[in-house]
Amino acid sequence: MPVPPQSTARVRGESTGPTLATSVVAVTRIRLDLSYDGTDFAGWARQPGLRTVQGVLEEGLATVLRTEQLGAPPPRLTVAGRTDTGVHARGQVAHLDLDPEVWRAVVGRSGLPPEQALVRRLAGVLPKDVVVHRAAEVSEDFDARFSALARRYVYRVSDAAATRDPLRRSHVLWHHRPLDAEAMARAAEPCAGLHDFAAFCKPREGATTIRTLERFTWERPAAGADAGLLVATVVADAFCHHMVRALVGASLAVGEGRRPPEWLGALLDGRRGDLSEALAPPHGLTLEEVSYPPEEELAARNERTRARRAEDEHRR
């Protein structure tokens with residue numbers, strides 16, 4: 001059995017009058033692997049008065065960890081991908097830091113390892129549209145956001161009555177015109193690589209639109225659960241706001257014949273137009289997977305990611 005990482009320590013400032021003293025606070029970092037149906041969520045990020053995945057999950061964690069009763073801070077999650085309203089996730093990853101005593105206390109009288117005890121207790125308090133599959137104690141080098149090598153999203157479209165499954169209607173876009181899969185695939189090709197995706201992103205102050213798109217493909221599988229559907233696979237180290245849905249929306253215009261296949265490349269090269277308002281509907285999009293390097297490469301990955309983000313911001 002692998003030995004769990006030792007609790008890490010952080011330095012925290014404490015006011016003691018005219019000087020600032022520091023104390024070392026031990027924390028245990030926990031990785032959570034989870035899925036959710038985004039239909040009834042206002043996205044991932046906590047927002048006052050709205051039902052969000054982060055809000056529901058943090059409330060569930062506070063309940064099962066008994067943080068208030070134990071005098072500990074409320075749980076706060078860092079996530080790999082902040083999904084929008086209505087977007088689903090099958091392979092989402094998040095992490096949180098806990099006081100070691102809070103972590104040990106989750107076992108209660110179950111006799112289970114804390115990882116299994118947490119998953120079991122969360123299953124008893126979370127709603128049916130969000131599930132935590134696994135919990136694992138990890139080193140502080142692991143960061144759900146900055147350690148990630150790539151995020152893989154899939155967008156599914158049905159453009160024929162034969163492929164419209166009412167049982168999947170909340171996860172597949174029903175498009176009422178036939179689409180040219182080959183033209184959409186050609187349109188996607190020039191988007192791969194390092195580009196400024198400003199034409200495909202909703203502007204955010206201080207946020208870069210420079211991204212490395214590792215894969216953007218359209219295909220129509222002949223077999224499997226997605227047989228007959230048009231399926232876009234989009235993989236990148238990170239995405240800017242609304243980027244995937246804007247790329248899909250532009251592709252649909254090409255598939256309908258309203259735009260030529262060269263249109264996406266022209267938008268990308270010239271940064272002309274703003275497609276953030278012509279987004280594909282969110283319910284067809286699912287975060288399928290987040291990939292990470294081996295344990296011994298996590299710290300270096302974090303440094304590279306943060307440095308690249310800073311460099312991209314400097315270019316703007």
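Reader: Before we start, what should I know about the model and its numbering?
Author: Residues are numbered from 1 along each chain as its sequence is written, and side-chain values use heavy atoms, with hydrogens and water left out. The model is predicted, and local features need pLDDT of at least 70, side-chain atom pairs count only at pLDDT 80 or more, and totals for chains, interfaces and linings use all residues.

Reader: At what angle do the axes of α4 and α5 cross?
Author: Helix α4 (residues 181-188) and helix α5 (residues 243-255) cross at roughly 135 degrees, and their axes come within 8 Å. Axes are lines fitted to C-alpha atoms, for helices over the stretch in contact, and angles run from 0 to 180 degrees between N-to-C directions. Helices here are DSSP runs of H or I with at least four residues, and strands are runs of E with at least two, numbered from the N terminus.

Reader: And which residues meet there?
Author: A183, M184 and A187 in α4 meet S251, L252, V254 and G255 in α5, where contact means heavy atoms within 4.5 Å.

Reader: Changing topic, is strand β11 mostly covered or uncovered?
Author: Strand β11 (residues 285-291) is mostly covered, with five of its seven residues buried, that is, under 20% relative accessible area with a 1.4 Å probe and protein chains only.

Reader: How many bridges join β6 to β11?
Author: Six bridges join β6 (residues 150-158) to β11, and the two run antiparallel. Y155 has L285 in β11 as its bridge partner.

Reader: And in which sense does β4 pair with β11?
Author: Strand β4 (residues 88-98) pairs with β11 in the parallel sense, over two bridges; pairing requires that DSSP finds at least two bridges between the strands. A89 stands opposite L287 in β11.

Key: Buried means under 20% relative accessible area, exposed over 50%, partly exposed in between (1.4 Å probe, protein chains only).
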